[in-house]
Amino acid sequence: MKTSLKKIGSQVIVITGATSGVGLLAARKAAARGAKLVLAARSEEALNKLAEQLREDGAEVASMAADVGKLEDMKALAQTAIERFGGFDTWVNNAGVTIYGRHSEVPIEDQRRLFDTNYWGVVHGSLVAAAHLRDHGGAIINMGSEASDVPLPLQSAYTAAKHAVKGFTDSLRMELEQERVPVSVTLIKPAALDTPFVTHAKNYLDVEPDLPPPVYDPEMAADAILYAAEHPRRDMFVGGAAKAMSAAAYHTPRTFDRVMRRVLGRAQRTDHPAGPREDNALYNGGNMLVERAGRSHVVKTCPYTSSTRHPLMTGAMLIGASVAMAFAYQMRRTRLR
């Protein structure tokens with residue numbers, strides 16, 4: 001069954017993790033385009049502040065303090081959308097957090113808590129959304145990562161959860177397609193983004209953690225979410241680096257491992273001593289509405305990311321790149337003769 005999605009301005013959109021980073025940007029952008037919003041995060045104070053801001057700009061907003069790791073909370077969130085707006089058209093599973101530290105140093109209870117948010121939060125939201133959307137159609141959009149396809153040292157629990165999110169999302173999509181349910185299921189896979197990701201992390205390193213470059217503007221990920229809400233897509237990479245990492249890990253895994261084990265360990269560590277370990281968002285949400293971390297070097301535009309919205313352009317770019325590589329290789333062979 002063909003999936004037909006409404007324009008953003010005609011939709012009711014549910015967003016989890018709506019008070020910071022990509023979720024906050026997506027909420028503000030969707031509101032500016034006329035969408036009705038149902039927002040969730042753990043901090044009721046931050047949610048109320050955001051909802052008030054959006055209402056002042058004319059948006060219709062419902063909000064609910066919720067923990068995505070609790071299925072009952074996600075059912076209640078869906079009921080909030082039904083009671084306020086009669087239902088919803090798009091459900092965005094965006095909430096997430098990470099832990100920095102070597103695998104032997106991160107307590108199991110912290111790893112379980114990360115999975116409650118990053119994996120079970122996606123499962124809970126997806127199941128609740130699919131149950132509602134199967135009758136009239138819509139979109140489920142899950143936030144993965146470049147870590148859905150590649151290993152990241154010092155973030156083993158996060159990487160494992162994002163791999164699991166990919167497996168679940170792909171399987172859910174396949175089952176809904178088998179049942180001919182008119183629901184689009186999209187996995188968004190961003191590269192490193194300039195969000196409060198690092199400051200929200202629980203850190204077991206002896207120094208403050210960092211994001212390996214290149215780091216992209218999170219607005220690209222928010223735009224990808226809203227695009228997927230209108231256009232059925234299987235998955236979308238955000239940032240050319242995410243696509244390159246995924247391709248390298250798939251086609252040359254051992255070479256990728258050798259290079260990345262030398263590069264990514266250092267690239268995720270700063271020279272600054274670690275701050276208080278309890279200053280994190282693993283167990284509790286923050287009260288500040290922060291979109292960006294404010295890094296000095298951020299990639300604002302990306303031709304590859306833009307091209308993913310146009311499959312023919314993407315194909316042409318890949319063919320062109322292949323031809324260019326083949327030509328360069330042939331020229332190199334000719335010079336060496």
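1. Helices (H or I, at least four residues) and strands (E, at least two) are DSSP runs, numbered from the N terminus. The protein has 12 helices and 11 strands. Ala40 belongs to strand 2.

2. This is a predicted model, in which local features need pLDDT of at least 70, side-chain atom pairs count only at pLDDT 80 or more, and totals for chains, interfaces and linings use all residues. Residues are numbered from 1 along each chain as its sequence is written, and side-chain values use heavy atoms, with hydrogens and water left out.

3. Overall dimensions. The radius of gyration is taken over C-alpha atoms, and the globule rule is 2.2 Å times the number of residues to the power 0.38. For 337 residues, a compact globule would have a value near 20 Å; the protein has 20 Å, which agrees. Along the principal axes, the C-alpha atoms fill a box of roughly 75 × 50 × 35 Å.

4. Burial and surface. Buried means under 20% relative accessible area, exposed over 50%, partly exposed in between (1.4 Å probe, protein chains only). Of the 337 residues, 52% are buried. The accessible surface (Shrake-Rupley method, 1.4 Å probe) comes to about 16200 Å². Carbon and sulfur atoms hold 54% of that surface.

5. Contacts. Contact means heavy atoms within 4.5 Å. Take the contacts with a separation of 6 or more: 76% of them are between residues 24 or more positions apart.

6. Charges. Lys and Arg count as positive and Asp and Glu as negative; His and the chain ends are not counted. Each charge is placed at NZ of Lys, CZ of Arg, CG of Asp or CD of Glu. The mean positions of the 41 positive and 36 negative charges are 10 Å apart.

7. Strands 1 and 2. Two strands pair if DSSP finds at least two bridges between them. Strand 1 (residues 12-16) and strand 2 run parallel, joined by 5 bridges. Ile13 stands opposite Leu37 in strand 2. Strand 2 (residues 36-41) is mostly covered, with 5 of its 6 residues buried.

8. Ala40. This strand 2 residue counts as buried, at 1% relative accessibility. Beyond its neighbours within four places in sequence, Ala40 is in contact with Ile15, Thr16, Gly17, Ala18, Leu47, Met64, Ala66 and Leu77. Ala40 and Ala62 are 22 residues apart in sequence and 8.9 Å apart in space, C-alpha to C-alpha.

9. Val22. Val22 lies in helix 1 (residues 21-32). Val22 is buried at 7% relative accessibility. Its contacts, leaving aside neighbours within four places in sequence, include Asn94, Met143, Leu193 and Thr195. Pro218, Ala221, Ala222 and Ile225 are also in contact with Val22. C-alpha to C-alpha, Val22 and Asp194 are 9.3 Å apart in space, against 172 residues in sequence.

10. Backbone points to check. Most residues other than glycine have a negative phi, and most peptide bonds are trans. Leu154 has a positive phi of about 75°. Leu154 sits in the loop between strand 6 (138-143) and helix 6 (156-178), and is buried, with a relative accessible area of 11%. Arg180 also has a positive phi, near 60°. Its place is the loop between helix 6 and strand 7 (183-190), where Arg180 counts as exposed at 54% relative accessibility.

11. Cis peptide. The bond from Pro213 to Pro214 is cis, with omega near 0°. Pro214 is in the loop between strand 9 (207-209) and helix 8 (219-230).
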